[in-house]
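Q: I would like to learn how to read side-chain contacts in a model. Can we go through them one kind at a time?

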Amino acid sequence: MLVLSKPAIEQFSYTRNSRPASTLFTQIPLVDLSKPDSKHHIIKACEELGFFKVVNHGVPMESISLLESEATKFFGLPLCEKHETGQPEPYGYGNKRIGVQGDVGWVEYLLLTTNQDLNLHRFKTLRLALSNYMKSVKKMACEILETIADGLKIQPRNVLSKLLMDEESDSIFRVNHYPPCPHVQPANANGSNGDVIGFGEHTDPQIISVLRSNNTSGLQISLRDGTWISVPPDQNSFFINVGDSLQVMTNGRFKSVKHRVVTNSEKSRLSMIYFGGPPLSEKIAPLPSLMRDDQQSLYKEFTWFEYKKSAHNSRLADNRLIHFEKIAAS
């Protein structure tokens, strides 16, 4: 079982969830990446939910198992040893604090860049596991983006994936560990929810996110009507999030999905997320090939650096895109 070092819990000020989710939602779009019609299912899922599950993803199970095993060992180390990752701020090991604007969660994590050498000092096996895993999920993310381009009938088909393949791509990788939380309470007769927030509600600012977790529940997504639903865990599949940048590039046709993680009172949750981002200098705007003659852009053009800076200075739950929306003419 995964164990969080005691000091990280003793110093923690936790946040309860005030908006409970419904029961497990079984209608998550499922996409078989090996099927020729996968592009139609992906486009539909991106338009309707901004979230879907993929199978036949091509990521080797031995790569998945090795990273989960090594991450389990890492998070079981004493707190002082976990801080010895050799990564510069804001990367490396962290716990409780999410960002610099006061957000906290019942979580500890390892945050890494994907375009630099993983200088993890003495964690050699973990470094190898991370490197192999990231290569595989990056390949899958690019294939999904190229399938999206096919489905949208835009050329060249690497118009999106090339941003992740660029040597200057600002993609990041995160491993989150949510230890069992003794403060979780069952819902009472009045319907009040006793969940403790592991990672607060937010959308991902990048283009696309590729998520996998162990077989512990906790992930929840928000539907368009504001209803929160719990996503059944599936340790053999991956979940894909539409990010804010992809929402802009499709001029709002795709919607970035708001999601959060609540804690479990008995079991640890381990999740691994690849955030596919463009180079810092890349200009983000609706793709001209998706704009009809009479269609207006909903967003101002901005660079990824500008948006990343805005996200950095925002709270998790803030609507960051509102600052980049065009004001409709009266």
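The dialogue below covers aromatic pairs, charges over rings, nonpolar cores and salt bridges in this predicted model.

Q: How many aromatic pairs does a search of the whole structure find?
A: A pair of aromatic rings is described by the distance of the centres and the angle of the planes. The search of the whole structure gives ten aromatic pairs. One of them joins Phe 74 and Phe 75, with 5.3 Å centre to centre and 75° between the planes, and is edge-to-face. Phe 74 and Phe 75 are both buried.

Q: Which residues do ring pairs link into a cluster with Phe 74 and Phe 75?
A: Tyr 93 and Phe 123 are linked with Phe 74 and Phe 75 through ring pairs.

Q: Where in the chain do Tyr 307 and Phe 324 lie?
A: The rings of Tyr 307 and Phe 324 form an edge-to-face pair, at 5.3 Å centre to centre and 70° between the planes. Tyr 307 is in helix H8 (residues 304-312) and Phe 324 in the segment after H8, 17 residues apart, so the pair links distant parts of the chain. Tyr 307 and Phe 324 are buried.

Q: Which ring does the charged end of Arg 260 sit over?
A: The ring is that of Trp 228, and the charged end of Arg 260 is 4.0 Å from its centre. Likewise, the charged end of Arg 174 sits over the ring of Tyr 109, 4.1 Å from the ring centre.

Q: Which residues touch the most other members of the largest nonpolar core?
A: In soluble globular proteins, nonpolar side chains tend to be buried together. Here the largest nonpolar core has 63 residues, and Leu 130 and Ile 148 touch the most other members. Helix H5 (residues 124-152) contributes the most to this core, 14 residues. A second, separate core has 22 residues, including Ile 28 and Val 261.

Q: How many salt bridges does the count come to?
A: The count is 16 salt bridges. In one of them, Lys 44 meets Glu 48 at 3.1 Å, N to O. Both residues lie in helix H2 (residues 38-48), four residues apart, about one turn of the helix. Lys 44 is partly exposed, with a relative accessible area of 46%, and Glu 48 is also partly exposed at 46%.

Q: Which parts does the salt bridge between Arg 253 and Glu 47 tie together?
A: The closest N and O atoms of Arg 253 and Glu 47 are 2.5 Å apart.

Note on methods. Residues numbered from 1 in each chain as written. Predicted model: local features only at pLDDT ≥ 70, side-chain atom pairs only at ≥ 80, totals over all residues. Heavy atoms only, no water. Phe/Tyr/Trp six-rings, centres within 6.5 Å; stacked < 30°, edge-to-face > 60°. Buried < 20%, exposed > 50% of the residue type's maximum accessible area, 1.4 Å probe, protein only. Helix = DSSP H or I, 4+ residues; strand = E, 2+ residues; numbered from the N terminus. Lys NZ or Arg CZ within 6 Å of the ring centre and 35° of its normal. Core = buried A, V, L, I, M, F, W, Y, C linked by side-chain atoms within 4.5 Å. Salt bridge = Lys/Arg side-chain N within 4 Å of Asp/Glu carboxyl O.
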